[in-house]
Amino acid sequence: MTTNEVARDASVQLPDDVPHGRADDAPDRRAADHDQPLAIDVRGAGKRYDDFVALHDVSVQVPAGGLTALLGPSGGGKSTLLRIIAGLTPPDTGQVLIDGRDVTHLPARERGIGFVFQHYAAFKHMSVFENVAFGLRVRKEKPAAVADRVNGLLSLVHLEGFADRMPSQLSGGQRQRMALARALAIEPRVLLLDEPFGALDAKVRAELRAWLLDLHDRMHVTTVFVTHDQEEAMELAEQIVLISGGRIEQSGRPSELYDTPATPFVMGFVGSVTRLGDAYVRPHDIDVTTSAGEGSYQAMIERVVWLGFGCRLEVVLDDGQRVTVQATRAQVDHWELRAGDIVFVRALRSYRFPAPGGDGVRPEAPTPA
């Protein structure tokens, strides 16, 4: 489906500011319930552009009412998967089911999808009220019903005093909230967001993440969002699907990907990682002292980086291996650590990954000294 064809769909209309062409420990209340009914079931989806394989036999299940993140590096296939779910890009192989109904060959307007683009997709010539009302007017809803629905949504997204303003008079965060209200106006079965906060600065992104989580807790619309920001995925999602090279590297709860990563790639993408000997270790899982102990390595501090909430120590082992250690300010102050000091480091928890075809990751914890 081309962008011109998409522009005829009420729920995913593309205004003039959308670029045309192909797009490439958590609280228990956010724990994904894998026994829930499935809202989205993607089975063996594949997509190729000439010699480039964008998706290779990808299967994803999204529980009803959940928040799922499609996480991965640029060009990894996450936006392609989102567009296939939305009906904006047809898969070459596989199926897409929404609420148990095969929608693989249905156009986007018949899927009950609300879609939010990264760059707001605002109709510049329409007021905030008319932007939000657009899908309802296309459906020929009665004016009174449109007014009630739009005013309710503007209140929900904290834009009740901005109904008569034009998009150009809004901040970036306000425009994105307007875009979310417009997507919700048609009461979609599924809400899809393609890097919705990517064009905003860090402070506004953090505020909107908290707002979106609160909004989802109140509305419980099945939501899938694309992001390359692991912090954003860890904070918002009940389920993370990590995609790279057109394949799913791992899928599960945020804590599962962080604590039991399937591969070194997963471990490095969802958090900081360093090497200590032949093991993979998270920098905050390394203990540093000034005396040797069982399983410890002697090292010299090369650099102390003050981070406000803590310190990052860059140390070098006797064999030349460089290791990153996340230490508390209390540790650094207690030991009076400075560049050039000799210290001893040991892993409190480490990971060793088998060769391809092995039996999975083996987290290890050393015997206390």
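## Salt bridges and an open sheet

Glu235 is partly exposed, with a relative accessibility of 29%. In this predicted model, its side chain forms a salt bridge with Arg209, at an N to O distance of 2.9 Å. Glu235 belongs to helix H7 (residues 230-236) and Arg209 to helix H6 (residues 202-219), so the pair ties together parts that are 26 residues apart in sequence. Arg209 has a relative accessibility of 7% and is therefore buried, the limit being under 20%. A network of salt bridges links Arg209 and Glu235 with Glu231 and Glu232.

The model has 13 salt bridges by the rule applied.

| Pair | Closest N to O | Relative accessibility |
|---|---|---|
| Arg352 and Asp278 | 2.7 Å | Arg352 26%, Asp278 48% |
| Arg43 and Asp41 | 2.9 Å | Arg43 40%, Asp41 9% |

In the pair formed by Arg352 and Asp278, distant parts of the chain are linked: Arg352 lies in strand E18 (residues 350-352), and Asp278 lies in the loop between strand E11 (274-276) and strand E12 (279-281), 74 residues apart. In the pair of Arg43 and Asp41, Arg43 is partly exposed, whereas Asp41 is buried.

Six strands form an open sheet with mixed pairing, in the order E6-E7-E8-E3-E9-E10. Strands E6 (113-116) and E10 (247-252) are at the edges with a single partner strand each, so one side of each has no neighbour in the sheet. On average, neighbouring strands of this sheet are turned by 15° against each other, direction ignored. E6 pairs with strand E7 (residues 190-194) in the parallel sense over four bridges, and Phe115 has Leu192 in E7 as its bridge partner. Helix H5 (residues 172-185) lies across E6 and E7 and runs at about 170° to E6.

Definitions and conventions. Residues numbered from 1 in each chain as written. Predicted model: local features only at pLDDT ≥ 70, side-chain atom pairs only at ≥ 80, totals over all residues. Heavy atoms only, no water. Pairing = 2+ DSSP bridges. Helix = DSSP H or I, 4+ residues; strand = E, 2+ residues; numbered from the N terminus. Axes fitted to C-alpha atoms, helices over the stretch in contact; angles between N-to-C directions. Contact = heavy atoms within 4.5 Å. Salt bridge = Lys/Arg side-chain N within 4 Å of Asp/Glu carboxyl O. Buried < 20%, exposed > 50% of the residue type's maximum accessible area, 1.4 Å probe, protein only.
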